[in-house]
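Hi everyone, thanks for coming. Have a look at the model on the screen while I talk.

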Amino acid sequence: MAAGLELAPGPAAEAVRVVRAGGWLRRWGDPLFQWLSTGIALAVLAALAVLTVLLTLRSELAFTAFGPGFLTHSTWNANARPPLYGALPFIEGTVVTSAIGIALGVPISLGIAIFMSELAPPWLRDPMASLVEMLAAIPSVIYGLWGLFVLVPFMRVTVEPHLRAQLGWTGLFTGQIFGADKLTAGIILAVMVIPTISAVSREAMVAVPTTQREAALSLGATQWETTRVGVLQFARSGIVAAIILGLGRAIGETMAVTMTIGNNNTLSTSLLSQGQTIASWIANDFLTAATSPLEQSALLELGLVLLAITVVVNVVAVLLLGRFFRPEEARE
Amino acid sequence: MRPTRRGRRRWANRVISALCILCVGLALIPLGSILFAAFSQGLPALNLSLLTTSGPPAVICPAGAVCSSGGINNAILGTVLLVGLAALVAFPVGVLTGVFLSEYGDNRLGRGVRFFVNVMSGVPSIVIGIVVFSLLVYLSEANVIESRYIFSAASGSLALGLIMVPVVARTTDEALRLVPTSTREAALALGLPRFRTILRVVLPAAGSGVLTGALLATARAAGETAPLLMTAFGNTFDFAGLNRPVAALPLVIYYYGISGIPRYESIAWGSALLLVLAMLAMSLAARYVLARTRARTSTR
């Protein structure tokens, strides 16, 4: 063979080698690799299904004992005879804290997203995005620690006495001031959903065709009018999906909430009351419940409820995002 | 009439712009405050003995007495072990799932898998924790494993691995789909079989994206606390085997942080600073990898 045909190392040389070598890999490599990757992907799905079924099976004990009333009982009492486990205070806590988180987090996130996609000079956009990413990279237990040592005292001393004095008449800000309460947990959640909501809705806004903006500008619209009519209208479903994704994150957040919500299982309408969410109660009670099969089963049922809620929320978000980005995704 | 209206519109424009900038400022306050707290409270606690010894500190230390200052060596090693073991399984599984999604997933099955992977990445980590717990309890009741494994390093790694897989799969999928079809066609035209095209051409071309995903997944897993409560459990002693409870940095931060004992809280802050630094290093590394690739491709 001529030594003249020397290829530089790379795909071409590799191809020549493989074609010359032939062998079983050439015959079986493709189907094997395709089946391997398909098999692994299916195994991931199967694992998910098996784990969900297992969780359902293990919560059966509680379900037969309490039925659907599990969701509406408002006490969790292991000392009652028979023991009574109800999830209402945790569901209420989850709803209230997530609502606060979303109510405070959404306007701020949208402001950030508009700034990053429409207003900021180009050189500022990437650094801004990485700052927001940093907010997402901080582990939730560190949010919790910060909440416990910085935010809780600040709320107790500075914010909440004023809220109670000025807005106590609404009924939302009454009772003893703790600092560690539903309002504080909700504020931490607001901070934690900002990276999710602002990043996804920024993506949605960036995906809006420039012609939309140009059309509005050519009609004499100001920058804000262009953003409102051209960009926000167009990106609406993407922004809604971003908010729902943020909601899913707020509902499932555990450590930061556990450390700042005060951990109290009674129902109260005041945002200044200590509370408990589904996730925080699982974290708090799990080791206590280890000695009682029924209580453990009740906690697993609570976990199943949390799983169901977050799956529904995420399914909605993923469907919306798919519908929004699909025209972009079409390839080949 | 007209000038005032135009004036009002301009004014609205300025107000909204100012509000947007205010929002950015509002989001940066907690970020700054967290970093400031981590450094100001954590730096005094960080020293060599904290990093090299293990176990809780003495609760109170009378003046002049010699007492244990406590250390997090076991927690650092525990976190490295938990995340390392999880990554060992989750990287290949996640990358192969991503390869399936991008290269073989242009059909109903692929869309279904992608959908569930997306949904799975939104499942709260504490649910992953109790799911793994249920699995291990089930297996130990069926006598497949020792009951010791329920609270152990192995179960902690399993939980972290389950959290990492969808992250790695999604980022791999996205990175592979950015590789132009013409690159695949070129390799195929040279006679490379499809699997070699993927392994030798497509994956290397998307290497930085895949690596970024791996870094993100690692960073996320290293900071996870909730699933470890019911799996790895935490331990004040050194690692004693995969079937024993193991210490982890996030658990130290949580338990010491809520202890109400100043000497414990100080260690929690030291650990938090360490974790924050690790996160920053990993996200900087991810940015560096991405930026370098971008620079390389743009000069070509």
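Predicted model: local features only at pLDDT ≥ 70, side-chain atom pairs only at ≥ 80, totals over all residues.

Residues are numbered from 1 along each chain as its sequence is written, chains are lettered from A and ligands numbered from 1 in the order in which they are written, and side-chain values use heavy atoms, leaving out hydrogens and water.

Okay, the core. A nonpolar core is a set of buried Ala, Val, Leu, Ile, Met, Phe, Trp, Tyr and Cys residues joined through side-chain atoms within 4.5 Å; buried means under 20% relative accessible area, exposed over 50%, partly exposed in between, using a 1.4 Å probe and protein chains only. The largest one here has 177 residues, and those with the most contacts inside it include Trp76(A), Ile112(A) and Ile126(B). Ile112(A) touches, among others, Val132(A), Cys23(B) and Ala27(B), skipping residues up to four places away in sequence; contact means heavy atoms within 4.5 Å.

Next, the helices, which are DSSP runs of H or I with at least four residues, numbered from the N terminus. In chain B, helix 3 (residues 73-104) packs on helix 11 (residues 249-257) at about 135°, axes 7 Å apart. The contact involves Ala75(B), Ile76(B) and Thr79(B) from helix 3 of chain B, and Leu249(B), Pro250(B) and Val252(B) from helix 11 of chain B.

Now, also in helix 3 of chain B, there's Glu103(B). Is Glu103(B) buried or exposed? Buried, at 9% relative accessible area. Its contacts beyond four places in sequence include Arg184(B) and Arg194(B).

Terms used: Axes fitted to C-alpha atoms, helices over the stretch in contact; angles between N-to-C directions. Helix = DSSP H or I, 4+ residues; strand = E, 2+ residues; numbered from the N terminus.
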